[in-house]
Amino acid sequence: MPGQRKSPEAAGAPATRKRGSWLREHSELGVGLLLLLIGVLVLTDALTMTVDITQRGPVGPRTVPVVVGVGLLVVAVLLTVDVLRGGRGEAEGGEDVDLSEPADWRTVLLLAGVFLAFAVLIGPVGFPVAGALLFWGAAYALGSRHPRRDPLIAAGLSLLTYIVFDHLLGVPLPGGPLMGVL
């Protein structure tokens with residue numbers, strides 16, 4: 001109709017984008033960048049590690065970090081190419097996840113505290129004790145409230161983990177005061 005103005009989209013002009021819109025639509029590029037940085041870090045550490053002459057062979061201590069680093073780089077490149085071609089990740093569709101609810105920061109902070117306490121205590125008290133506190137604290141933070149059962153299961157898991165790693169697999173873990181007993 002004469003006298004009416006057409007919208008820019010209707011007139012064939014491109015729609016003006018809001019500032020930062022392109023970055024929001026391509027936010028997966030951040031994940032690709034993070035994977036790229038971690039891959040470069042892993043490869044750098046693997047390739048600069050000093051290896052004793054007795055540890056050399058077809059499969060040495062560098063093999064797994066190099067494979068992981070290359071894998072991270074490949075995934076980073078593939079993800080970036082997919083995002084730039086218009087690929088998008090699917091929205092969270094978990095059956096028991098309500099995305100409108102805020103994060104449970106109490107649980108997150110409790111778990112962070114438990115991990116920090118584990119890191120601080122593993123040296124002085126050893127893995128069996130620190131591991132038991134880690135397992136019990138994680139169970140408590142995630143909602144388990146069985147005061148008799150939880151510490152027993154945590155102690156059992158910690159001892160089993162210690163025995164498997166230290167004795168069966170040969171991965172030395174600090175025993176702490178229980179070193180002579182175990």
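**View 1. Buried positions of helix α6.** In α6, the buried residues are Asp150, Ala154, Ser158 and Tyr162. They share one side of α6, because they span an arc of only 95° around the axis. An α-helix has 3.6 residues a turn, so residues three or four places apart point the same way. The model shown here and in the other views is predicted. Part of the cover over the buried residues of α6 comes from α5.

**View 2. The opposite face and the end of α6.** Leu152, Leu160 and Leu168 are exposed. These leucines sit on the face of α6 turned away from its buried side. The helix covers residues 149-168, 20 residues in total. From first C-alpha to last, α6 reaches 27 Å. That is close to the 28 Å expected at 1.5 Å a residue. Gly170 follows α6. The phi of Gly170 is positive, near 75°.

**View 3. The pairing of α4 with α5.** Helix α4 spans residues 105-125, and helix α5 spans residues 127-141. Their axes come within 8 Å. The crossing angle is roughly 175°. With angles over 145 degrees counted as roughly antiparallel, α4 and α5 are therefore roughly antiparallel to each other.

**View 4. Residues at the α4 and α5 contact.** The α4 side of the contact consists of Arg106, Thr107, Leu110, Leu111, Val114, Phe115, Phe118, Leu121, Ile122 and Val125. They meet Phe127, Val129, Ala130, Gly131, Leu133, Leu134, Gly137, Ala138, Tyr140 and Ala141 in α5. By class, the residues of this contact divide into 16 nonpolar, three polar and one charged.

View 5. Gly87 lies in the loop between α3 (63-84) and α4. Its relative accessible area is 18%. Gly87 therefore counts as buried, the cut-off being under 20%. Glu28 is 59 residues from Gly87 in sequence. In space, the two C-alpha atoms are 9.4 Å apart.

**View 6. The whole chain, for orientation.** From the N terminus on, its elements run α-α-α-α-α-α. Of its 182 residues, 19% count as buried. Consider the contacts between residues at least 6 apart in sequence. Among these, 57% join residues at least 24 apart.

Key: Residues numbered from 1 in each chain as written. Predicted model: local features only at pLDDT ≥ 70, side-chain atom pairs only at ≥ 80, totals over all residues. Heavy atoms only, no water. Axes fitted to C-alpha atoms, helices over the stretch in contact; angles between N-to-C directions. Helix = DSSP H or I, 4+ residues; strand = E, 2+ residues; numbered from the N terminus. Parallel < 35°, antiparallel > 145°, perpendicular 65-115°, else oblique. Contact = heavy atoms within 4.5 Å. Nonpolar A, V, L, I, M, F, W, Y, C, P; charged D, E, K, R; others polar. Expected span 1.5 Å × (residues − 1). Buried < 20%, exposed > 50% of the residue type's maximum accessible area, 1.4 Å probe, protein only. Arc of directions from axis to C-beta.
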